[in-house]
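User: I would like to go through the surface and the charged side chains of this structure. Could we begin with the surface?
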Amino acid sequence: MGKIITSMICLCGAFTLTAQENIWDREQLSGDWGGKRSAWATEGYKFSFSYDVEVFRNASGGTSKGTVIAGLGYGALDIDLEKATGWSRADFRISTLWTHGASPTENYVGDELTISNMDAYDGLRLYEMWIDKSFGKNSVRFGNLLADEEFVGTEYGGVFLNAAFGQPAFWSANTLNTGPAFNVTTLGFRYRRNFTDAWYAQAGVYDGDTFDSAGGDATINQHGTHFELGNGQGWTSLYELGYNGFNTEDGTGLPGWYRVGAWHHSASFAKHDGTNGEGNWGLYGIADKMLWREEGDQGLGTFIRLGTGQRDRSRFHWVLDTGLSYTGLLPGRDDDVAGLGFVYAKHAGDITDAVKSHEAVIEATYRIQLTPAIYLQPDIQWVNRPSGDTNTSDALVFGLRAGFTF
């Protein structure tokens, strides 16, 4: 009993100390947990918690006018296995995801590129769970993986809220059930070779169906614990060669990051002529470039990304997204990020009579970093030809997202 009382006194003291800290300066709103958080980090254990909430209003066009609210909770434990166990150059992660709320795309806009990159079916799920091991200039990662965490991403596209600026539609819309990306992981293996600090090549192979349901039933793997390999799902894979100048920049130059790659899925896909074809694949190229630097990370950057899918069996024949991102645009707001982006997704011309040409999006957004742990982000999106259907009016969507790190 004495030990219990002593522990309670220590915890109360830790809470009092944390409460006296300036909350506006904290990197995490929950503080350092009386020094325990930093002590555990020294031993190799790092905890991450965050929550984002958003509201979107379709003001005109689309399928109907209306407003939705959604939330996203995330928690993770990252372990430096060298510090924790002595296993050199090895890391472990396990994380969970909680998604809830309504979809602006499904309820009011009717677009394919997806208004919100938080858009997901409701549920609490196991997310990532992997081990990463490096040896020499090589590294391998295996377990429950997100392919879009390591492939096809952009440096300056991360500020945008439309999902097409994250996982690109030339892959997500042309593969089976969007592939191993937010919000569903899958069993997989990734190999990477770092030739220099900047040059690298990598390849990843993953289970072909994250939903474990060719028909797209999200409830089968709703909690991320349904593991099934084979059973007609096939395999999906990505391959990438890149030069990452951000890894070698000295803070004074204008670095860039340039990648070329390919994606493939081995399953059978229905072709637009009514027959089936084995597999689907595409190519992509990505360039990120800092155009002007104020100091440090402040300045103007741009990105452009172009990818393809096989025309006779893909929803989109090719997709282009590009944009500008400025960190520290306004005086005294060094951590704020402003963005202006554009996506053009070209439908395969022979899908249906209703699909005439394309879907396109223009997005303007501004992320206000209120404190190191809190941000607020107003957003405007104009969607041209939602789902490529000329019978659906262009949509004008207003959004506001807030994020908290605990």
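**Surface patches and charge pairs**

Analyst: Please note that this is a predicted model. Phe-135, Phe-142, Phe-189 and Tyr-191 together make a nonpolar surface patch of about 370 Å².

User: Where is Tyr-191 placed?

Analyst: Tyr-191 belongs to strand E6, which covers residues 186-194. Its relative accessible area is 34%, so Tyr-191 is partly exposed.

User: Which residues gather in the patch of negative charge?

Analyst: That surface patch consists of Glu-294, Glu-295, Asp-334 and Asp-335. Of these residues, Glu-294 sits in strand E10 (residues 276-295). With a relative accessible area of 37%, Glu-294 is partly exposed.

User: Turning to ion pairs, how many salt bridges does the structure hold?

Analyst: There are 14 salt bridges in the structure. One of them pairs Arg-315 with Glu-112, and their closest N and O atoms are 2.7 Å apart.

User: Are Asp-132 and Arg-141 buried or exposed?

Analyst: Both Asp-132 and Arg-141 are buried. They form a salt bridge with each other, in which the closest N and O atoms are 2.8 Å apart.

User: What is the relative accessible area of Arg-141?

Analyst: The value for Arg-141 is 14%. Since buried means under 20% relative accessible area, Arg-141 is therefore classed as buried.

User: Let us change topic to Glu-363. Where does Glu-363 lie, and which side chain of opposite charge is nearest?

Analyst: Glu-363 is part of strand E14 (residues 358-371). This residue is buried yet has no salt bridge, and the nearest side chain of opposite charge is that of Arg-401, 7.8 Å away.

User: Which backbone nitrogen atoms does the side chain of Glu-363 reach?

Analyst: The Glu-363 side chain reaches the backbone nitrogen of Leu-161 at 2.8 Å. It also reaches the backbone nitrogen of Asn-162, at 3.1 Å.

User: Moving on to the loops, where is His-223 placed?

Analyst: His-223 is in the loop between strand E7 (199-207) and strand E8 (235-244). At 44% relative accessibility, His-223 is partly exposed.

User: What separates the C-alpha atoms of His-223 and Leu-126?

Analyst: The C-alpha atoms of His-223 and Leu-126 are separated by 6.1 Å, and the two residues are 97 residues apart along the chain.

User: Finally, in which loop does Arg-385 lie?

Analyst: Arg-385 is located in the loop between strand E15 (374-384) and strand E16 (393-405). Arg-385 counts as partly exposed, at 25% relative accessibility. Its C-alpha atom is separated by 6.9 Å from that of Ala-360, which is 25 residues apart from Arg-385 along the chain.

Methods: Residues numbered from 1 in each chain as written. Predicted model: local features only at pLDDT ≥ 70, side-chain atom pairs only at ≥ 80, totals over all residues. Heavy atoms only, no water. Patch = residues over 30% accessible without salt bridge, like charges linked within 9 Å, V, L, I, M, F, W, Y side chains within 5 Å. Areas by Shrake-Rupley, 256 points an atom, 1.4 Å probe, with all protein chains shown as cover. Salt bridge = Lys/Arg side-chain N within 4 Å of Asp/Glu carboxyl O. Helix = DSSP H or I, 4+ residues; strand = E, 2+ residues; numbered from the N terminus. Buried < 20%, exposed > 50% of the residue type's maximum accessible area, 1.4 Å probe, protein only. Lys, Arg positive; Asp, Glu negative; His and termini not counted. Charge placed at Lys NZ, Arg CZ, Asp CG, Glu CD. Polar contact = N/O pair within 3.5 Å; in protein donor to acceptor, adjacent residues only side chain to side chain.
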